[in-house]
Amino acid sequence: MTTVTVRAPAKINLHLGVGPARPDGYHALATVYQAIGLYDDVTVRSDDHWSVTMTATGDLDASDVPLDTYNIAIRAGIALTEHHHIDRAAHVDIAKSIPVAGGLAGGSADAAAALVALDRLWDLQTSDEDLLAIAARLGSDVPFSLIGGTAYGTGRGELVEPVGDSGGWWWVVIPNESGLSTGAVYAEYDRLGLGEHLNAPQKLFGALVEGRPERLATHLHNDLQPAALSLRPDLAQHPERIVRAGAHAALLSGSGPTWLGLADDGDRAREIAGVLSEWYPLVLCAPGPVAGAHVITYV
Ligand code: C5P
């Protein structure tokens, strides 16, 4: 086998409850993740040294992503070799479709994809437990990018367990032209003193199983929304437009600035996207939940 390609999905947070800052600087979370059908494809092949290339689809601007050993996919590869005490390197090529710095965990998707791809390329047979532990050290969302589906996340977001979901949700995804730093949004959350909300969202869990979008819409929640809007007041006009275009609810994705609209089904999502494209240069539609990082080709 000379190359392996792994596909990893974007994530959204259907519920993002944020607790106090911990001694390590991270915040305790009670969050519900869902993997949605926007993907990065990561292809790896063995090489003498680590390197990364990237192509972005369509109008996506990926110019801020580092193309050196700071790239999270390369850091993931190095972490995997250190775990196994092996001296290997690879070329990593990222075909990026997940908007960058958008609150969609695109970097985490690349890290998870690189872990799965290199594990397969070199037949390392890393246990799931070890892969999740390596993923957690790379970033709070990386373990979820490995498992996908819909999951409850605790700790700083890295402890994930699947939750029941009847499936078939459709999201309208409205990326923003300029990204937001996750760290800056959490710092603003602290500055605003917004409090602690760490209860498990039982009503949301019920709505996920029930499967009715209009009911799920009433239980979507993001504690970081006020902090993101405080940093970027221009984002405040979007929810009303999204709901007026026909979505059941508008929700900020993670730390933003991407907005999401919950639609009835795929046809309705495309209709809403058509209306919103009057205002926004890029509007996408994605189903959820979808699978976590998985091999799509090895040749
Ligand atoms: O874990 P990750 O590297 O994705 O986090 C990026 C930044 O977001 C952290 O450096 C931290 O400032 C903030 N963060 C946080 N609490 C979390 C997750 C992230 O404060 N649970």
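In the predicted model, the buried residues of helix α1 are covered by elements that include β3 (51-56), β4 (89-96), α2 (106-121) and α3 (128-138). The residues of α1 that are buried are Ile 72, Ala 73, Ile 74, Ala 76, Gly 77, Leu 80 and Thr 81. At the start of α1, a side-chain oxygen of Asn 71 comes to within 2.8 Å of the backbone nitrogen of Ala 73. The residue that follows the helix, His 85, has a positive phi, near 55°.

The residues around the ligand are Gly 25, Tyr 26, His 27, Leu 29, Gly 139, Ser 140, Arg 156, Thr 182, Gly 183 and Tyr 186. Divided by class, this shell holds three nonpolar, six polar and one charged residues. At least two residues of the shell come from each of β2 and α5 (182-192), and α5 makes the greatest contribution, with three residues.

An oxygen atom of the ligand lies 2.7 Å from a polar side-chain atom of His 27. In the case of Ser 140, an N or O atom of the side chain is 2.6 Å from an oxygen atom of the ligand. With Arg 156, a polar atom of the backbone is 2.9 Å from a nitrogen atom of the ligand. The ligand taken alone exposes 450 Å², of which the protein buries 73%.

His 27, one of the residues around the ligand, belongs to strand β2 (residues 27-47). Its relative accessibility is 6%, and His 27 therefore counts as buried, the cut-off for this class being under 20%. Besides the approach of its side chain to the ligand at 2.7 Å, His 27 forms a side-chain polar contact of 2.7 Å with Asp 190. When neighbours within four places in sequence are set aside, the contacts of His 27 are Val 18, Gly 19, Pro 20, Ala 21, Arg 22, Gly 155, Arg 156, Tyr 186, Tyr 189 and Asp 190. Among these contacts, Arg 156 and Tyr 186 are also members of the shell around the ligand.

Ser 253 occupies the loop between β9 (250-252) and β10 (259-263). With a relative accessibility of 0%, Ser 253 counts as buried. A polar atom of its side chain lies 2.8 Å from the backbone oxygen of Gly 103. Gly 103 is also listed among the residues in contact with Ser 253 once neighbours within four places in sequence are left aside; the others are Lys 11, Ile 12, Gly 102, Leu 104, Asn 222, Thr 258 and Leu 260.

Arg 244 is located in helix α9 (residues 238-244). Because its relative accessibility is 58%, Arg 244 counts as exposed, a class that requires over 50%. The C-alpha atom of Arg 244 is separated by 35 Å from that of Arg 156, a residue 88 places away along the chain. Arg 156 itself belongs to the shell around the ligand.

Technical notes:
Residues numbered from 1 in each chain as written. Predicted model: local features only at pLDDT ≥ 70, side-chain atom pairs only at ≥ 80, totals over all residues. Heavy atoms only, no water. Buried < 20%, exposed > 50% of the residue type's maximum accessible area, 1.4 Å probe, protein only. Helix = DSSP H or I, 4+ residues; strand = E, 2+ residues; numbered from the N terminus. Contact = heavy atoms within 4.5 Å. Polar contact = N/O pair within 3.5 Å; in protein donor to acceptor, adjacent residues only side chain to side chain. Near = heavy atom within 4 Å. Areas by Shrake-Rupley, 256 points an atom, 1.4 Å probe, with all protein chains shown as cover. Nonpolar A, V, L, I, M, F, W, Y, C, P; charged D, E, K, R; others polar.
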